[in-house]
Amino acid sequence: MVARLALLILCWLIPGAVLAAEPRCLSCHAVHYAELGGCRDCHRGDPRSSRLEIAHFGLIPARYSHFRMPDSGLVERGGKRIDETGCRRCHVIGGRGNRLATDLDRSVQTSTPQELAESIRRPVLFMPDFHWSEPHLDEVINALFAAGKDGKSVEDELPRIVHFEVEGTAEENPFVKHCGSCHRVLTAAAGGLGSSDYAPNLSGLLTPFFPVEYRENEPFNRDNLKKYLDNPRQTRALTRMAPVPLKEEDYRKLLDVIAEDVSTIPPEPTLP
């Protein structure tokens with residue numbers, strides 16, 4: 001009895017001693033993609049147990065496990081969709097992006113794909129609703145897991161600050177006053193601002209990760225944004241946006257809201 005107890009304790013302290021044996025997953029599932037590693041490398045779960053509830057705890061289903069496959073077309077398409085929709089204007093993905101919302105490199109380590117997919121299907125306030133089909137959503141989730149699978153430890157993540165707006169207190173905010181009737185924006189200092197989804201979400205507008213440019217190969221910046229507000233149709237002839245002429249002082253106050261330094265991670269890897 002003592003020897004058996006000692007063995008159990010040893011296996012608990014040294015999981016590798018248990019995992020070195022044939023995983024119990026293989027009693028139900030056939031071997032596949034063995035060159036990519038063990039069952040847990042792609043699907044998580046607990047291969048030490050034969051009890052379904054334990055073995056499948058936190059399991060990654062097959063539809064979300066393509067992130068481990070080299071040259072996966074699913075991952076490539078998902079990565080393009082992430083870039084086209086500008087997810088990095090609020091999130092860090094693959095070590096790049098703005099720190100306005102959840103760091104998704106950390107989320108893929110602590111959440112299941114099903115949880116992340118549901119958070120996209122039912123977005124929180126100030127997160128755009130992308131209306132992706134299920135196949136497109138599968139692509140994005142796989143791309144997120146591929147980008148974050150080698151992410152840093154989550155132990156040092158700081159708590160998120162949530163801003164609760166008291167009714168009437170945001171009326172004098174320059175963004176709310178001049179832009180908020182058509183646009184929303186997520187900011188680090190003031191939280192979410194604006195009340196309409198009629199026009200594009202402007203989160204991260206003056207950062208390298210905003211998906212729409214002022215002109216081709218010319219991102220929005222402090223100077224050309226003022227020109228665009230003064231006469232939007234000079235840049236986009238068919239835009240339905242009305243001019244928003246602002247005095248220099250009012251424009252400076254607007255920049256104080258939307259031009260925060262939240263892009264602390266370089267937009268592209270830099271060469272020495």
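Lys226 is buried, with a relative accessible area of 14%, where buried means under 20% relative accessible area, exposed means over 50% and partly exposed lies in between (1.4 Å probe, protein chains only). The structure is a predicted model, in which local features need pLDDT of at least 70 and side-chain atom pairs count only at pLDDT 80 or more, while totals for chains, interfaces and linings use all residues. Residues are numbered from 1 along each chain as its sequence is written, and side-chain values use heavy atoms, with hydrogens and water left out.

The mean pLDDT (the predictor's confidence in each residue, from 0 to 100) of the protein chain is 81, and 73% of its residues reach 70 or more. Over residues 16-20 the pLDDT stays under 50, and for this stretch the model has five contacts beyond four places in sequence, a contact being defined by heavy atoms within 4.5 Å. The protein chain has 272 residues, of which 38% are buried, and its secondary structure comprises 12 helices and four strands; helices (H or I, at least four residues) and strands (E, at least two) are DSSP runs, numbered from the N terminus. Among the contacts in the protein chain with a separation of 6 or more, 54% are made by residues 24 or more positions apart.

Lys226 itself belongs to helix α10, and, when its neighbours within four places in sequence are left aside, it is in contact with Leu246, Glu248 and Tyr251. Arg233, by contrast, is placed in helix α11 (residues 232-235) and counts as exposed, at 53% relative accessibility. Between Arg233 and Pro243, which are 10 residues apart in sequence, the C-alpha to C-alpha distance is 8.4 Å.

In helix α7 (residues 113-121), the buried residues are Pro113, Leu116, Ala117 and Ile120. Seen down the axis of α7, these buried residues fall within an arc of 100 degrees, so they line one face of the helix; the arc is that of the directions from the helix axis to the C-beta atoms. An α-helix has 3.6 residues a turn, so residues three or four places apart point the same way. The buried residues of α7 pack against α6 (104-110) and α8 (134-148).

The loop between α7 and α8 contains His131, a residue other than glycine whose phi is positive, near 55 degrees, and which is exposed, with a relative accessible area of 67%. A positive phi, of about 65 degrees, is also found in Asn217, which is not a glycine. Asn217 lies in the loop between β4 (191-193) and α10 (222-230) and is exposed, its relative accessible area being 66%.

A search on a 1 Å grid over the protein atoms alone, in which a cavity is a set of points where a 1.4 Å probe fits but cannot get out, gave one cavity of 30 Å³ or more. The largest cavity has a volume of about 60 Å³, a volume being the space filled by probe spheres set on the points, which are joined across faces, edges and corners. Its lining (residues with an atom within 4 Å of a point) includes Leu100, Gly204, Leu205, Glu260 and Val262. Two or more lining residues are given by each of β3 (185-187) and α12 (248-258), and β3 provides the largest share, three residues.

Technical notes
1 Å grid on protein atoms, 1.4 Å probe; cavity = no way out; pocket = protein on both sides within 12 Å on 5 of 7 lines; lining within 4 Å.
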